[in-house]
Amino acid sequence: MSVTATIDGQTVDIQEGESILEAARRCGHEVPTLCYDSRVDPSASCRMCLVKVEGRRLAIPSCAHEIQPDMKVVTRDEELEESRKTILKLVLSENPAEECRSCIERGPCELHALADDYGVRTSQYAGAISGRIPEDNNPFIARDYSQCILCYRCTRVCNELEQAHAIIPEGRGFNTNIVAPFHESLLDSNCTFCGQCIQTCPTGALMDRKMLGKAKVEDVTKTRTICPFCGTGCGIELNVAKGEFIGVTPDWTSPASEGSLCVKGQFGIDFISSPTRLKTPMIRRNGELEPCTWDEAFEAIVSKFKQVKEESGPNVFSLWSSARATTESNFLMQKLARAVIGTNNIDNCART
């Protein structure tokens with residue numbers, strides 16, 4: 001039995017459960033999409049990924065159809081390309097800006113990048129815009145649905161991937177909008193502020209409010225690092241412009257997180273620029289905290305521990321470690337308790 005198919009004349013091996021879109025991209029055939037996010041089930045709503053299959057009368061959405069043995073697929077021809085141009089013109093009628101905020105601050109958004117690829121920058125269907133800007137005082141996510149193209153990537157990521165169910169589509173046709181249930185603000189909803197809706201949005205409809213207006217994309221440099229808040233090891237990219245930290249974007253190559261972050265990792269790293277952040281250890285002298293060296297700090301800790309142990313014995317100490325710390329840190333903590341201090345009074349929050 002054949003286990004191959006043909007895409008644009010190229011024979012490709014079939015992998016079980018793979019869609020036509022995934023197989024095409026794996027083999028170097030770039031099929032455009034707007035509503036597709038590989039982390040959630042396909043919705044096939046944007047119709048940009050339509051392809052022709054021999055034996056079928058109509059083009060089909062490649063993201064939602066599994067590739068089959070002996071299937072002969074055409075991803076690009078004159079008719080398909082003209083269809084995609086028409087779709088882009090229709091979509092741009094809902095997002096007519098030459099450049100959106102995302103293009104200016106994060107680099108070309110997916111919509112305008114495709115518009116450039118297809119030479120479509122103005123729409124003959126220009127008219128009213130259905131989306132609106134909701135009143136929302138949350139400090140993390142800026143929502144401007146006048147730039148929304150109703151691809152539903154944000155709602156699918158929120159509901160299917162994050163399981164938060166904080167935003168949903170409301171209404172029908174031209175009156176469709178993205179809202180929090182009962183028109184609440186995000187602060188009053190189930191939103192965990194993971195920021196994944198921002199990261200999946202193909203336009204400027206959803207933006208990081210903390211980074212908004214801070215810099216243009218050409219001024220930003222990114223440095224890969226690890227989120228410092230717990231031991232999971234999520235990958236992040238620190239965004240710096242003109243010598244100042246402006247925000248965080250996910251590291252999509254991180255094996256620990258694969259681009260997912262919690263509210264702390266996504267929005268809480270700005271503590272590094274806080275004017276009240278401690279930059280040196282502090283030691284109390286004559287009732288007042290004063291800066292000191294690390295050697296002085298460690299010496300004070302060791303001296304105090306020794307004094308307490310000599311006066312009251314090792315079992316007056318109780319140490320508590322965190323399941324969110326690394327395994328290595330927890331191992332060292334119990335070694336400190338048992339081998340150095342001499343007590344078994346150590347516990348871990350994972351046990352509870």
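1. Helices (H or I, at least four residues) and strands (E, at least two) are DSSP runs, numbered from the N terminus.

2. This is a predicted model, in which local features need pLDDT of at least 70 and side-chain atom pairs count only at pLDDT 80 or more, while totals for chains, interfaces and linings use all residues. Residues are numbered from 1 along each chain as its sequence is written, and side-chain values use heavy atoms, with hydrogens and water left out.

3. H9 has a kink of about 25°, centred on Lys335; the bend is the angle between axes fitted to the seven residues ending at a residue and the seven starting there. Just after H9, Gly342 takes a positive phi of about 95°.

4. Asn330, Gln334, Ala337 and Ile341 are the buried residues of H9 (under 20% relative accessible area, 1.4 Å probe, protein chains only). Their cover includes helix H8 (294-312), strand S15 (319-321) and strand S16 (346-348), with contact meaning heavy atoms within 4.5 Å.

5. Strands S10, S11 and S12 form an open sheet in the order S10-S11-S12, with antiparallel pairing (strands pair if DSSP finds at least two bridges between them). The edge strands are S10 (220-226) and S12 (244-250). Six bridges join S11 (residues 235-241) to S12, and Val240 stands opposite Phe245 in S12.

Conventions
Buried means under 20% relative accessible area, exposed over 50%, partly exposed in between (1.4 Å probe, protein chains only).
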